[in-house]
Amino acid sequence: MSGVSDLQRWKLKRLIKTLEAARGSGTSMISLAIPPKQQISQVVTMLTEEFGTASNIKSRVNRQSVLSAITSAQHRLKLYPRTPPNGLVVYCGTVLTDDGKEKLVNIDFEPFKPVSTKLYLCDSKFHLEPLAGLLEDSTKFGFIVIDGKGSLYGQLSGNTRETLHQFSVELPKKHGRGGQSSMRFGRIRLEKRQNYVRKVAEKATQLFITNNAINVTGLILAGSAEFKEELEKSDIFDPRLRSKVIQLVDVAYGGENGFSEAISLSRKYLDNVKVVQEQELVTKFFDEIARNTGKISYGIDDIISALEDGAVETLIVWENLVAWRVEFQDAEGTKTVRFLRSEQEHECVNAVDKVTGAQLEIVSKESLVDWLAEAYTNFGTNLEIIGDSAPEATSFINGFGGIGGLLRWKREEFDIQESDSEDYFEENDPDDEYAEFF
């Protein structure tokens, strides 16, 4: 990956998604967030008091669950003599699995940036506000795409592209006749243009200024006509926003297409924005295809083979790819591994060895993306887990199945149809900070 924080962010997103789905009975699930300046001893004292209060819960089952969760949280805190520099996040409790069984969950870790929220809650679900706040990117860029047909307001932050608001407009065209009629229509046309620019400026203030403060790092004005210049020079345009304008961009389209084009043309100002980095990476993949260099690979089977050969320099994987790494074992204890796409998942049921016909037992099953996030360094590759905000990323997902690689050298032709999906790899034992939950 391009940085450790990228991998940590992705792991945190995965953790949030899993914890969101977790549910328990009663109030047996504890959410605890400790900011850097809060002392561990203070939290331990608070939990001791909570233990005494929970002892009075009338329901025996709920009382035992809550006391067990508090005890687990106390044990986790004993591992930390002092609050870590970035604070501490703890989730403990009994959750219900899909088959109705109870499972004890204990998660504690120091996040990759400081916790800003102090939190202690007992509930039937985990409260994830402190974790969600860690994913917020403080660097946000605003976009206004304006032309004679309407305006779009967008925001770019991290790997998220968002359309905040959009509206259309009908402006009168130039009047071709002469005389007083032409002058009257000219005044009407000018008035409507001014009203339109006024509306755009007022909406920009509503969207990009919150609690009397600008909520974006920079602002980019884009359009196919002179409206963007008129907007920037308008007395109605908030001076605070004008001071944040970093570029005026000429685009051929309005709306969403204009938004995409504006992002592409503003790359030199957006080098550190994840969605732009993803856009450039996928464009490089497409360029290799267009140049017919043979230095690309795609599809699960081909990628696994290329990884085994050490040929993959950069591995590109869609974060929502549905595919599995399944480890099987036969009656004699021999283990094999299969990499299955979503449509092949049925092969896990009553699986047999294709050579001997022997019945196979599932030893482990995990998401291919999860496995790659831990094992990629073993193959000497760089891993890029991408979202689907950029149009180029969407094309990559739809056209190449959401997994591809930039190769170090051109490999011999590989027939995907005849490739063996049972490629074996030695099991890794990654040091995953959230592994105990999964």
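The model is predicted: local features need pLDDT of at least 70, side-chain atom pairs count only at pLDDT 80 or more, and totals for chains, interfaces and linings use all residues. Residues are numbered from 1 along each chain as its sequence is written, and side-chain values use heavy atoms, with hydrogens and water left out.

I begin with Gln279, which sits in helix H9, residues 274–290. Helices (H or I, at least four residues) and strands (E, at least two) are DSSP runs, numbered from the N terminus. Is Gln279 buried or exposed? Its relative accessibility is 3%, so Gln279 counts as buried; the term means under 20% relative accessible area, with exposed over 50% and partly exposed in between, for a 1.4 Å probe and protein chains only. Leaving aside residues up to four places away in sequence, Gln279 touches Ile263, Ser264, Arg267, Ala390 and Glu392.

Let me turn to the sheet. Four strands form an open sheet in the order S3-S2-S1-S4, with antiparallel pairing; two strands pair if DSSP finds at least two bridges between them. At the edges are S3 (102–109) and S4 (119–123), each pairing on one side only. S1, residues 29–34, pairs with S4 in the antiparallel sense over 5 bridges, and Ile30 has Cys122 of S4 as its bridge partner.

Within strand S2 we find Thr94. Thr94 counts as buried because its relative accessibility is 13%. Not counting residues up to four places away in sequence, Thr94 touches Gly24, Ser28, Met29, Glu102, Lys103 and Leu104.

Which helices lie across these strands? H2 lies across S1, S2 (88–96) and S4, at about 155° to S1. H3 lies across S1, S2, S3 and S4, at about 150° to S2. Axes are lines fitted to C-alpha atoms, for helices over the stretch in contact, and angles run from 0 to 180 degrees between N-to-C directions.

Finally, the two helices themselves. H2 (residues 40–54) and H3 (residues 60–77) pack at about 165°, with axes 10 Å apart. They are therefore roughly antiparallel to each other, a term for angles over 145 degrees, where under 35 is roughly parallel, 65 to 115 roughly perpendicular and the rest oblique. Among the residues making the contact are Val43, Leu47 and Phe51 of H2 and Val66, Ile70 and Leu77 of H3.

Methods. Contact means heavy atoms within 4.5 Å.
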